[in-house]
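I opened my notebook to get to know a new structure. Here is what I looked up, step by step.

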Amino acid sequence: MKKQFELWLESKGYSYFTPEGRPSTIYDYVNRGLKRVCREEHLSLLEVAKRVDRLLPAYQYGKKSEIGKSISRSCRSSLAAFSKFVKEQGIA
């Protein structure tokens, strides 16, 4: 599912690297944001997909919002994008 999400992000215009060769949005969303959510929640990526509609509000303005603000808001942004991906792909 991780690779599918990366490809979906790429199809939406996001990139793996900046012009300078630094990790960009796809890296941040997959390897920082979602990875952190999985670790915080003690869930696999598939389990996060099944619960993304409940997790997203908690990271946006609920009890997990401080974590959602950390690491350049990649937790919030990655969950929002992942939610769209899950719905569009009919995963959960």
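This is a predicted model: local features need pLDDT of at least 70, side-chain atom pairs count only at pLDDT 80 or more; totals for chains, interfaces and linings use all residues.

I began with sulfur bridges and found zero disulfides in the structure.

Cysteine 38 is buried, with a relative accessible area of 16%. Cysteine 75 is buried too, at 0% relative accessibility. I call them buried because the cut-off is under 20% relative accessible area.

Then I stepped back to the whole chain. I counted four helices and zero strands, and from the N terminus the order reads α-α-α-α. Of the 92 residues in the chain, 37% are buried. The chain exposes about 5,600 Å², and 48% of that comes from carbon and sulfur atoms.

I also checked who touches whom along the sequence. Among contacts with a separation of 6 or more, 54% join residues 24 or more positions apart.

My last entry is on helix α3, and I asked: how far apart are the end C-alpha atoms of α3? For this helix of 16 residues, spanning residues 45–60, I noted 19 Å. A straight helix would reach 22 Å at 1.5 Å a residue, so α3 falls short of that. I then looked for a bend and found one of about 75° at valine 52.

Which residues of α3 are buried? My list reads Val48, Ala49, Val52, Leu55, Leu56, Ala58 and Tyr59.

Methods
Residues are numbered from 1 along each chain as its sequence is written. Side-chain values use heavy atoms; hydrogens and water are left out. Helices (H or I, at least four residues) and strands (E, at least two) are DSSP runs, numbered from the N terminus. Buried means under 20% relative accessible area, exposed over 50%, partly exposed in between (1.4 Å probe, protein chains only). Contact means heavy atoms within 4.5 Å. Accessible areas come from the Shrake-Rupley method with a 1.4 Å probe; for residues, only the protein chains shown count as cover. A disulfide is a pair of cysteine sulfur atoms within 2.5 Å. The bend at a residue is the angle between axes fitted to the seven residues ending there and the seven starting there.
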